[in-house]
Amino acid sequence: MAQSEEFTTQVEGIDLTIAAETRRILVEWLGVDPATEQERIDRQALRLQQLTEDAAEQFEQANPTAPDGTYQDAVRAKETAWRAAREMVLENELYPQVTPEMQAAQEEFEAFLDQRIEQRREAARTAQDPDRWRTRNVRPNPTAGRVVERVWVTKPGWFLSLAEALIAQRIEDNQPVPMTSRDRLADELTALIEDEMRRNPPQDPDLPF
């Protein structure tokens, strides 16, 4: 029991960056399930923490603070040594676990997803589905973003996200778009967007998705 408590205390003291990066690499790249293998993640992070502590101590010994240095100088030197040690340990011990083959497979998968998304958008555009903006199944358009900023600048995030999709759709379909917030068309589209928000309310309307 004492050993378990000691381990828990050690884990709680792990540098936040080391803990976060260890979890990201093991979960996202190596397929470790945090629900059943959290201890494996913790032990890996703890190993990296200890390596970093050793390396930081060596850095400090190799670059001692000047005898006439202030307390702030000593603190800065310690922080610099820690950051350098942490970067070295992560680069040498953690990141190489992600092999070039893994990276290539991930890039291929992401390219496949991008292609599928583009195919769906193109199919919806070709069919001129009038409701595709509701699911944001529309190709992003910089002009649409500028129109939305000009017409609906004070609206919450979810509204702006839907508005940008709606304007992008109307541009694709060669339909008119409002030029200012006083444009009558702006009122019509505002009502359309607000109706969609009522029918499918977001958990937080201030977030864009």
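Buried means under 20% relative accessible area, exposed means over 50%, and partly exposed is anything in between, using a 1.4 Å probe and protein chains only. By that rule N174, at 74% relative accessibility, counts as exposed. What you are looking at is a predicted model, in which local features need pLDDT of at least 70, side-chain atom pairs count only at pLDDT 80 or more, and totals for chains, interfaces and linings use all residues. Residues are numbered from 1 along each chain as its sequence is written, and side-chain values use heavy atoms, with hydrogens and water left out.

**How the helices pack**

- Two packed helices are described by the angle between their axes and the distance between the axes.
- Helices here are DSSP runs (H or I, at least four residues; strands are E, at least two), numbered from the N terminus.
- An axis is a line fitted to C-alpha atoms, for helices over the stretch in contact, and angles run from 0 to 180 degrees between N-to-C directions.
- Angles under 35 degrees count as roughly parallel, over 145 as roughly antiparallel, 65 to 115 as roughly perpendicular, and the rest as oblique.
- A crossing is right-handed if the near helix is turned clockwise from the far one by less than a right angle, and left-handed if anticlockwise.
- Contact, or "meeting" and "touching" below, means heavy atoms within 4.5 Å.
- For residue classes, Ala, Val, Leu, Ile, Met, Phe, Trp, Tyr, Cys and Pro count as nonpolar, Asp, Glu, Lys and Arg as charged, and the others, Gly among them, as polar.

**α2 with α3**

- The axes of α2 (residues 16-29) and α3 come within 9 Å and cross at roughly 130°, so the two helices are oblique to each other.
- Their crossing is right-handed.
- On the α2 side, the residues in contact include I18, A19 and L26, and they meet α3 residues including P34, I41 and L48.
- Sorted by class, this contact has 8 nonpolar, 5 polar and 2 charged residues.

**α3 with α4**

- Helix α3 (residues 34-62) and helix α4 (residues 71-94) have axes that come within 8 Å and cross at roughly 130°, so this pair is oblique too.
- Here as well, the crossing is right-handed.
- Among the α3 residues in this contact are L51, A55 and F59, while the α4 side includes W82, M88 and L94.
- By class, you get 13 nonpolar, 2 polar and 6 charged residues.
- T80 is found in α4 and, at 46% relative accessibility, counts as partly exposed.
- T80 and A56 are 24 residues apart in sequence, yet their C-alpha atoms are 8.7 Å apart in space.

**α7 with α8**

- The axes of α7 and α8 come within 10 Å and cross at roughly 125°, so these helices are oblique to each other.
- This crossing is right-handed.
- In α7, residues including W158, F159 and I167 meet α8 residues including L189, I193 and M197.
- The contact divides into 11 nonpolar, 1 polar and 3 charged residues.

**The nonpolar cores**

- A nonpolar core is a set of buried Ala, Val, Leu, Ile, Met, Phe, Trp, Tyr and Cys residues joined through side-chain atoms within 4.5 Å.
- The largest one has 21 residues, and W133, W152, I167 and I193 have the most contacts inside it.
- Helices α6 (142-151), α7 and α8 each supply at least two residues of this core, and α7 gives the largest share, 8 residues.
- Leaving out residues up to four places away in sequence, I193 touches W133, F159, L162, A163 and L166.
- Apart from that core lies another, of 15 residues, among them F7, V11, I41 and V98.

**Residues in the loops**

- D173 sits in the loop between α7 (157-172) and α8 (184-199), and it is buried, with a relative accessible area of 13%.
- Not counting residues up to four places away in sequence, D173 touches Q128 and R132.
- N174 lies in the loop between α7 and α8, and its phi is near 60°, a positive value in a residue other than glycine.
- R136 is found in the loop between α5 (100-127) and α6, and at 31% relative accessibility it counts as partly exposed.
- R136 has a phi near 55°, again a positive value in a residue other than glycine.
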